[in-house]
Amino acid sequence: MNRPMNVGRGKFTDLTLALHRTRLLLSDFDGSIVPNHLKKYTDDQKVLEAANIARCLYPTPFKFVTMTGGSLERLMPWAEMSNAPVFAENAGVVFNPRDKSGKITILMGKEEADFIIKFVSPKIEHELERSYPGYGKSSNKITMSTYFKPENVPIEEFRDHVLSFLSRELDAKQYSRIFVTYGKTLIDVNHVGADKSRAIKFASELFRTEVDGMTAYGDGDNDRPAFDALIRGQGTVIIPANHDEEVGRWAENQKNHSRVTKHHLESTECFIDILRQFYDKLD
């Protein structure tokens with residue numbers, strides 16, 4: 001095995017207990033592997049270092065995948081850099097760079113995806129053009145929609161406006177199918193059931209790993225379903241210092257705090273430290 005330089009040195013937070021039984025690490029991307037929505041992350045030296053370490057995990061007993069609400073287009077370079085599968089769009093879409101066929105797998109049913117993309121999203125966009133003309137949209141998503149708030153608009157206001165609009169525009173049955181999460185600058189509109197807990201299920205099947213052998217790492221609201229799934233299954237959770245308020249409240253409300261570790265480092269540096277401590281377990 002080619003051990004990357006400096007692995008095992010410079011620990012900042014002792015993860016021995018958190019990683020005691022871990023065989024599979026599932027990590028969020030924006031805010032966790034890269035600083036929030038860094039566009040040219042492939043030029044960032046720390047991200048390149050993280051990718052190098054992640055590549056060296058294969059084919060050790062420890063595995064790594066990325067689970068994110070981001071688009072596959074944005075995540076494809078990272079998948080190739082890290083040589084690790086990507087569960088994009090909250091596990092709506094999966095790409096495994098180790099599968100040399102280049103196949104992309106869509107996990108969500110067509111009717112559910114069409115409900116969001118073809119029915120709900122046009123309604124939201126018409127309303128946002130009227131109420132928040134400076135909003136942004138993440139392009140090229142297949143199963144979910146992401147909208148960025150205009151500058152100087154609080155994310156809570158932006159989120160609540162969309163939810164209020166949908167509650168009026170959709171009937172009760174249609175509205176019950178909507179699942180909205182948010183970050184510091186954006187909201188994700190998903191179909192109910194299309195959350196990161198589903199990534200946990202599929203990763204478990206892909207790597208034949210029980211939930212109690214998994215650790216989830218993430219900083220935002222849309223990571224909480226994965227966190228809940230792991231806590232229920234006796235897995236562990238690590239959150240970086242830059243976690244949002246929802247994740248902070250989630251961590252404080254956990255009865256078994258030993259399964260939740262708050263790291264002292266942020267984003268990429270935190271991720272690198274987690275991977276390095278995986279390597280310590282190989283010695």
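Which residues lie nearest the centre of the largest pocket? Before I answer, please keep in mind that this is a predicted model. The residues nearest the centre are Asp30, His37, Arg74, Phe148 and Leu186, and they belong to a lining of 31 residues in total. The elements that each give two or more residues to this lining are the helix α2 (72-82) and the strands β7 (145-148), β8 (178-182) and β9 (186-191). The space in this largest pocket comes to about 580 Å³, and its lining divides by class into 14 charged, 14 polar and 3 nonpolar residues.

Let me turn to the second largest pocket, which holds about 180 Å³ of space. Its lining is made up of Phe87, Val94, Phe95, Asn96, Asp99, Lys103, Thr105, Leu107, Phe202 and Leu206, with β4 (93-95) and α6 (196-207) as the elements that give two or more residues to it. Here the classes are 6 nonpolar, 2 polar and 2 charged.

The structure holds 1 cavity of 30 Å³ or more, and the volume of the largest cavity is about 30 Å³. Around the largest cavity we find Ala54, Leu57, Tyr58, Phe62, Lys63, Phe64, Ser82, Asn83, Ala84 and Arg98, and this lining consists, by class, of 6 nonpolar, 2 polar and 2 charged residues.

Definitions and conventions:
Residues are numbered from 1 along each chain as its sequence is written. This is a predicted model: local features need pLDDT of at least 70, side-chain atom pairs count only at pLDDT 80 or more; totals for chains, interfaces and linings use all residues. Side-chain values use heavy atoms; hydrogens and water are left out. On a 1 Å grid over the protein atoms alone, a cavity is a set of points where a 1.4 Å probe fits but cannot get out, and a pocket is an open set with protein on both sides within 12 Å along at least five of seven lines; lining residues have an atom within 4 Å of a point. Grid points are joined across faces, edges and corners, and a volume is the space filled by probe spheres set on the points. Ala, Val, Leu, Ile, Met, Phe, Trp, Tyr, Cys and Pro count as nonpolar, Asp, Glu, Lys and Arg as charged, and the others, Gly among them, as polar. Helices (H or I, at least four residues) and strands (E, at least two) are DSSP runs, numbered from the N terminus.
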